[in-house]
Amino acid sequence: MFQFLKSILGGASDADFKGLVAAGALIVDVRNPDEYASGHIKGSVNIPLGQIGQHFSTLQNKKVPIIAVCRSGARSGAAVDMLRNKGIEAYNGGSWDGLKATIA
């Protein structure tokens, strides 16, 4: 039941985020620039959800897994769906502060 609720609400998956980051995964924060400026994970890049489609080629060329984050996990879940549809290995990291605590 908990797994079902996490998937509906955009919660983080059971991926090994610490391992993914250690292996070179890129954290993409899909919040708007003002939200990102108010706090984010060091080393993450800010690509707002509405602009993610403009960055497919750049992200594909990086050839690393993408971990998408936002405030709650909903926007990052939508970003992951779009990235996966383009053949990019992507994971929903959920909230940026939750992922930050996980990978610390």
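D29 is buried in this predicted model, with a relative accessibility of 1%.

**Charged pairs**

Two salt bridges are counted in the model. In general, side chains of opposite charge can pair when their charged atoms come close. One of the two salt bridges joins D29 to R31, with the closest N and O atoms 2.8 Å apart. The other is formed by the side chains of E35 and R75, at 2.9 Å from N to O. This second pair links distant parts of the chain, since E35 sits in helix α3 and R75 in helix α5, 40 residues apart.

| Salt bridge | N to O distance |
|---|---|
| D29 and R31 | 2.8 Å |
| E35 and R75 | 2.9 Å |

R31 lies in the loop between β1 (26-29) and α3. Is R31 buried or exposed? R31 counts as buried because its relative accessible area is 3%, and the cut-off for buried is under 20%. The side chain of R31 also makes a polar contact with the side chain of D29, at 2.8 Å. Beyond its neighbours within four places in sequence, R31 is in contact with residues including Y36, H40, N46, P48 and W96. R71 and R75 are also among the contacts of R31.

**Surroundings of E35**

E35 belongs to helix α3, which covers residues 33-37. Not counting residues up to four places away in sequence, E35 touches R71 and R75. With R75 the contact is polar and runs from side chain to side chain, at 2.9 Å. R75 has a relative accessibility of 27%, so R75 is classed as partly exposed.

**Nonpolar cores**

Which residues have the most contacts inside the largest nonpolar core? They are V28, V30, I52, L59, I66, L83 and I88, in a core of 15 residues. Two or more residues of this core come from each of β1, α4 (56-62), β3 (66-70) and α5 (74-85). I52 is in contact with V28, V30, I47, L59, M82 and L83, leaving aside its neighbours within four places in sequence. Another core, of 11 residues, lies apart from the largest one and has L20, A25, I67 and I103 among its members.

Notes. Residues numbered from 1 in each chain as written. Predicted model: local features only at pLDDT ≥ 70, side-chain atom pairs only at ≥ 80, totals over all residues. Heavy atoms only, no water. Helix = DSSP H or I, 4+ residues; strand = E, 2+ residues; numbered from the N terminus. Polar contact = N/O pair within 3.5 Å; in protein donor to acceptor, adjacent residues only side chain to side chain. Contact = heavy atoms within 4.5 Å. Buried < 20%, exposed > 50% of the residue type's maximum accessible area, 1.4 Å probe, protein only. Core = buried A, V, L, I, M, F, W, Y, C linked by side-chain atoms within 4.5 Å. Salt bridge = Lys/Arg side-chain N within 4 Å of Asp/Glu carboxyl O.
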